[in-house]
Amino acid sequence: MNFDYKTHIDQVGIEERVARFNTRSIKKETKTKGLKLALNMIDLTTLEGKDTEGKVKQMCFKAMHLADDIPGLPTVAAVCVYPTHVKSAKNFLKNSAVKVASVATAFPSGNSTLDIKLNDTHFAVDNGADEIDMVISRGEFLKGNYNFVFDEIAAIKNACGKARLKVILETGELSTLDNVRKASDIAIAAGADFIKTSTGKIQPAATMPVTLVMLEAIKEHYKKTGIKIGMKPAGGISTAKSALQYLVMLNETLGTEWMNNEWFRFGASSLANDIILQLGKEQKGFYYSKDYISND
Amino acid sequence: MNTESFNWEYAPAPEAKDHAKIKKQYDLFINGKFTKPLSKKYFATTSPSSLEKLAEVAEANENDVNAAVKAARVAYEKYWKKLTAKERGKYIFRIARIIQERSRELAVIESMDGGKPIRESRDFDIPNAANYFFYYAGWADKLEYAFPNKTPKSLGVAAQIIPWNFPLLMAAWKIAPALATGNTVVLKPAEGTPLTALKLAEIIQYADLPPGVVNIITGFGATGAAMVNHKDVNKIAFTGSTDVGKIIQKAVAGSNKKLTLELGGKAANIVFDDAPINQAVEGIVNGIFFNQGHVCCAGSRLFVQENVAEEVISKLKERMETLIVGDPLDKNTDIGAINSKEQLDKINSYLHIGKEEGLEIHQSNCNVPSKGYFCKPTLFIGASQSNRVVQEEIFGPVLTIQTFRTIEEVIEKANNIPYGLSAGVWTDKGSKIFNLTTKLRAGVVWANTYNKFDPTSPFGGYKESGFGREGGLHGLLPYITF
């Protein structure tokens with residue numbers, strides 16, 4: 001396919017639009033409803049070299065029991081782990097609706113051969129991963145080798161079988177919003193079910209301007225083909241307030257059809273606790289110590 | 001997984017108004033005091049959204065105007081002319097600071113009296129009003145650096161008449177440069193939106209300005225006419241309609257009064273096929289729906305290159321669906337109330353004209369409050385230069401859309417209008433922007449943005465949009481002589 005066309009994204013304009021979303025005032029039932037939805041969209045994540053089965057087990061329990069003292073809370077959407085922990089995560093979560101997502105393809109750099117990436121993917125899928133979070137080859141992308149990136153995504157998609165594929169663009173390394181748009185187009189064309197901003201290992205991770213550009217790519221694809229693509233900003237979203245701002249942006253850009261965890265996720269580790277704190281405050285009427293909320 | 005459709009309507013988020021103190025009755029602010037009008041007459045100012053009467057304000061007659069001009073003259077000769085420039089600057093700084101301190105109250109009153117959404121009065125009008133005072137306070141003691149090798153001198157008494165679309169901000173645009181250059185002021189806000197100017201009078205009193213340096217009087221056209229025709233006025237500054245501007249220019253002809261006019265507009269907002277389309281759509285929205293379209297520099301004539309017209313129009317229609325029309329005091333409102341019944345009637349008459357002319361009309365599906373003066377954001381699609389809705393200033397949330405094929409064609413069409421206040425250009429190509437800025441007959445040309453204001457940047461028109469500049473170093477010139 002030909003991806004050599006010019007994209008036209010104006011950074012100043014994007015930032016202005018984002019600022020406008022952030023002036024929306026979310027109160028009362030809109031706030032509670034939004035916060036519960038945001039909780040339900042979280043991919044609870046641990047991606048560290050020091051991860052162990054014990055750590056994964058504790059996180060999985062948390063995923064199913066966010067704060068049992070507050071009635072009516074949903075679970076998170078999924079847990080996100082390295083391929084070697086997929087099996088145990090699947091095992092711990094087997095009676096719940098929480099999915100298991102696995103990073104694959106030589107995460108986070110993606111600097112490896114296609115064979116290794118395919119093996120990585122097969123391994124995670126065979127162990128029961130419901131979702132695969134792959135990284136694109138940013139070096140090849142920046143060289144202008146767009147079809148290399150496309151082919152790689154298409155091959156991984158093929159290896160995913162029934163698992164849904166999230167394609168991480170690592171926007172913090174792409175430098176311009178024009179590049180973000182182009183990488184989004186390539187990922188979508190190559191068969192991504194979701195496009196995702198970041199690994200969480202590079203700064204800046206998810207930002208609202210970058211997410212808006214990706215949402216626009218999804219919207220235009222949907223207009224042309226009628227096919228929906230999901231969106232996952234990941235990394236750096238740690239407060240309930242910023243989660244609500246993302247939801248405002250989602251609601252006003254893609255609309256209510258995307259307002260569920262089938263089509264939108266937050267990749268985050270500490271966001272859940274801040275949302276729990278806010279929901280607990282709404283219920284109890286006062287703020288309370290964070291020590292009442294588990295840190296797993 | 002949860003895939004049922006999720007309805008997320010924003011709950012009401014009204015800005016509190018209990019802290020906004022509005023007196024039942026306002027007198028004329030002359031010689032540092034609120035004084036009863038010699039006319040003994042008062043008129044009501046009402047909210048265009050709730051339709052409740054907010055206050056009664058005095059109607060100044062010729063005798064009141066005489067008193068105000070006399071106070072300004074005495075203050076000029078006695079205090080202001082003699083004051084060192086540095087001290088003058090301090091007073092202006094003080095006004096700016098107090099505006100900042102009271103910004104919340106001013107924003108609420110601006111939205112109540114004028115109908116603009118609190119988001120705009122809070123984030124645009126009031127902070128900018130403070131910024132203009134800050135900026136010109138800085139010039140007060142640096143005038144000889146602004147005009148090297150010349151000796152700038154003040155003029156005397158400035159009579160200033162301002163419109164209803166940006167009540168406090170226009171007062172700031174007028175008063176700040178006049179004071180910085182050493183002039184004294186008689187200012188008349190529009191009859192429909194006098195409250196923030198009267199609050200400014202309170203601020204000026206609180207800032208302890210020498211009495212008479214700023215006088216603020218309220219009234220209708222006759223009051224303005226008395227100001228313009230007054231023999232002891234040295235300078236007239238008017239912002240408002242082109243029709244009234246022409247009357248003023250005739251009245252001033254042959255006198256020694258210095259004049260600046262900032263009048264109507266019908267700006268071309270031009271979108272090329274190499275533009276960042278999504279951001280251009282945002283700019284179109286900001287260009288025409290900002291302040292309900294009550295903006296003299298509003299981008300009311302959209303020109304779209306034919307090969308992207310379909311895309312731009314469909315995206316624009318979609319974006320319009322997310323605009324919330326409603327209570328000006330709700331923090332989520334995008335488009336507030338039309339300023340007055342008279343203005344709403346005028347807009348509606350143009351909607352009628354456009355339909356009669358056979359244009360395709362499109363309005364968003366938003367809910368509109370049953371009480372108050374509201375107008376849905378409106379597009380006229382497939383318009384041409386010969387349509388009256390293209391030629392005449394509507395001053396409402398109504399956008400006409402024309403298409404073009406070549407750059408020559410769009411320049412010709414953009415300039416083919418009696419007005420020349422502003423224009424917008426959307427393209428990724430820098431060279432195209434510079435080419436257009438030299439050929440568009442407009443005082444301001446925005447590139448890849450729209451409706452941006454800054455105190456350091458001059459603003460003003462060509463042709464029937466007026467003359468003279470406000471803002472920046474150029475904004476000092478109308479108030480000085482060498």
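Let me start with B:Met320, which touches B:Ser364 and B:Pro377 when residues up to four places away in sequence are left out, a contact here being two residues whose C-beta atoms, placed from the backbone, lie within 7 Å. The place of B:Met320 is in helix α11 of chain B, residues 306-320, where helices (H or I, at least four residues) and strands (E, at least two) are DSSP runs numbered from the N terminus. With 25 C-beta neighbours inside 10 Å, B:Met320 counts as buried; the term asks for 20 or more other C-beta atoms within 10 Å of the residue's own, while 12 or fewer makes a residue exposed and anything in between partly exposed. The C-alpha atom of B:Met320 is separated by 9.8 Å from that of B:Glu282, 38 residues apart along the chain.

Before I go on, a word on provenance: this is a predicted model, in which local features need pLDDT of at least 70 and side-chain atom pairs count only at pLDDT 80 or more, whereas totals for chains, interfaces and linings use all residues. Residues are numbered from 1 along each chain as its sequence is written, and chains are lettered from A and ligands numbered from 1 in the order in which they are written.

Staying in chain B, helix α4 (residues 118-139) has 22 residues and reaches 31 Å from its first C-alpha to its last, close to the 32 Å expected at 1.5 Å a residue, the expected span being 1.5 Å times one less than the number of residues. Of those 22 residues, 16 are buried, so α4(B) is largely enclosed by the rest of the structure. How do α4(B) and helix α6 of chain B (residues 167-180) cross, and at what angle? Their axes come within 9 Å and cross at roughly 5 degrees, with axes taken as lines fitted to C-alpha atoms, for helices over the stretch in contact, and angles running from 0 to 180 degrees between N-to-C directions. That makes α4(B) roughly parallel to α6(B), a label used for angles under 35 degrees, against over 145 for roughly antiparallel, 65 to 115 for roughly perpendicular and oblique for the rest. The residues of this contact divide into 14 nonpolar, one polar and one charged, where Ala, Val, Leu, Ile, Met, Phe, Trp, Tyr, Cys and Pro count as nonpolar, Asp, Glu, Lys and Arg as charged, and the others, Gly among them, as polar.

Turning to chain A, the 14 residues of helix α11 (residues 271-284) should span 20 Å at 1.5 Å a residue, and the end C-alpha atoms are 20 Å apart, which agrees. Its buried residues, among them A:Leu271 and A:Ile275, pack against α2 (28-40), β1 (42-45), α10 (240-253) and β8 (266-268) of chain A. After α11(A) comes A:Gly285, whose phi is positive, near 90 degrees.

Some backbone details deserve a check. A cis peptide bond joins A:Phe107 and A:Pro108, with omega about 0 degrees, and A:Pro108 is found in the loop between β3 (99-103) and α5 (114-126) of chain A. The bond from A:Gln203 to A:Pro204 is cis, with omega near -5 degrees. A:Lys28, although not a glycine, has a positive phi of about 50 degrees, and A:Lys28 is exposed, with 12 other C-beta atoms within 10 Å.

Finally, the contact between the chains takes 25 residues from chain B and 30 residues from chain A.
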